[in-house]
Amino acid sequence: MNEEHVLVSQVYKAKEDMEAADRLIGAYLPFIKSETAKYLKRPLIEENDDELSIAMIAFHEAIRGYAKGRGAFLPFASMLIKSRLTDHMRREKRHRGHLSLDLPIGEAEDGDTLGMQLSAGENGQEAYASRDATRAEIEELARQLMDFGVSFTDVAENCPRQRRTLYACQKVMEYAKGSPELLEEFLRTRRLPAVRLSKECHVDKKTLERHRKYLVALLLICTNGYEIIRGHLKHVLRGGTDR
């Protein structure tokens, strides 16, 4: 009971202190790995399994959403990890027709993946370094998003589908890139300056509010290097439909 009391105290401190949250996640990383492996029903392959990153984000969501009335913290965190992993698996099934760089080639369990074969056709070391750099950027962005109470799942579900809405988001991003003081205010207050963005970018405020979580991700990308993510983002912002 005393251990649980100490853990709850740490959780409440982590709600207000990002460094304390990082320390708590680090301390309970074995628990997070165990829950992930239990869900996958196989040993965890850390360098390949995106599920671990999702589980870590879920653990941080558990920190932010926990209240004493919900019982012991770890069962609550376990439930949230399973829920987020289930959501991830459902999305994977919906997009099963899309090629993945982690798709195995051949029947051997330890065979090369599609990404590895593509890398071999160019420069293996550079390709692996690029994959590591990409993963590092994604993990850093995930940490920043968590500080705003937003997950990658939220961003994906909040992504605009129509071309005109994507264009509006692009205008917001371009304006923010040229407004350092706006980005500083955004980071300080952790609030989307919807009124100012609506006025300066001539975009309907309701559109901004409807896609707030997606825009939070865009603005965070403006505040850091994220060169690889920005490269992908340029392609994404050209997508959408005409409806």
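A crossing of two helices is right-handed if the near helix is turned clockwise from the far one by less than a right angle. The model shown in these views is predicted.

**View 1. Packing of helix α9 against helix α13.** Helix α9 (residues 163–177) crosses helix α13 (residues 212–222) in the right-handed sense. The angle between the two helices is about 30°, and their axes lie 10 Å apart. On the α9 side, the contact is made by L166, C169, V172, M173, A176 and K177. These meet Y214, L215, L218, L219, I221 and C222 of α13. By residue class, this contact of α9 with α13 holds 11 nonpolar residues, no polar ones and 1 charged residue.

**View 2. Cysteines C169 and C201.** C169, one of the α9 residues in contact with α13, is buried, with a relative accessible area of 3%. C201 is buried as well, at 4% relative accessibility. The cysteine sulfur closest to that of C169 belongs to C159 and lies 7.9 Å away; a disulfide requires the sulfur atoms to be within 2.5 Å, so the distance is too far for a bond. Across the whole structure, a search finds 0 disulfides.

View 3. Helix α3 covers residues 29–40, 12 residues in total. At 1.5 Å a residue, α3 should span 16 Å, and its end C-alpha atoms are 16 Å apart, so the two values agree. Buried residues of α3 are F31, I32, E35, T36, A37 and L40. K41 follows α3 and has a positive phi, near 60°.

Notes
Residues numbered from 1 in each chain as written. Predicted model: local features only at pLDDT ≥ 70, side-chain atom pairs only at ≥ 80, totals over all residues. Heavy atoms only, no water. Axes fitted to C-alpha atoms, helices over the stretch in contact; angles between N-to-C directions. Helix = DSSP H or I, 4+ residues; strand = E, 2+ residues; numbered from the N terminus. Contact = heavy atoms within 4.5 Å. Nonpolar A, V, L, I, M, F, W, Y, C, P; charged D, E, K, R; others polar. Buried < 20%, exposed > 50% of the residue type's maximum accessible area, 1.4 Å probe, protein only. Expected span 1.5 Å × (residues − 1).
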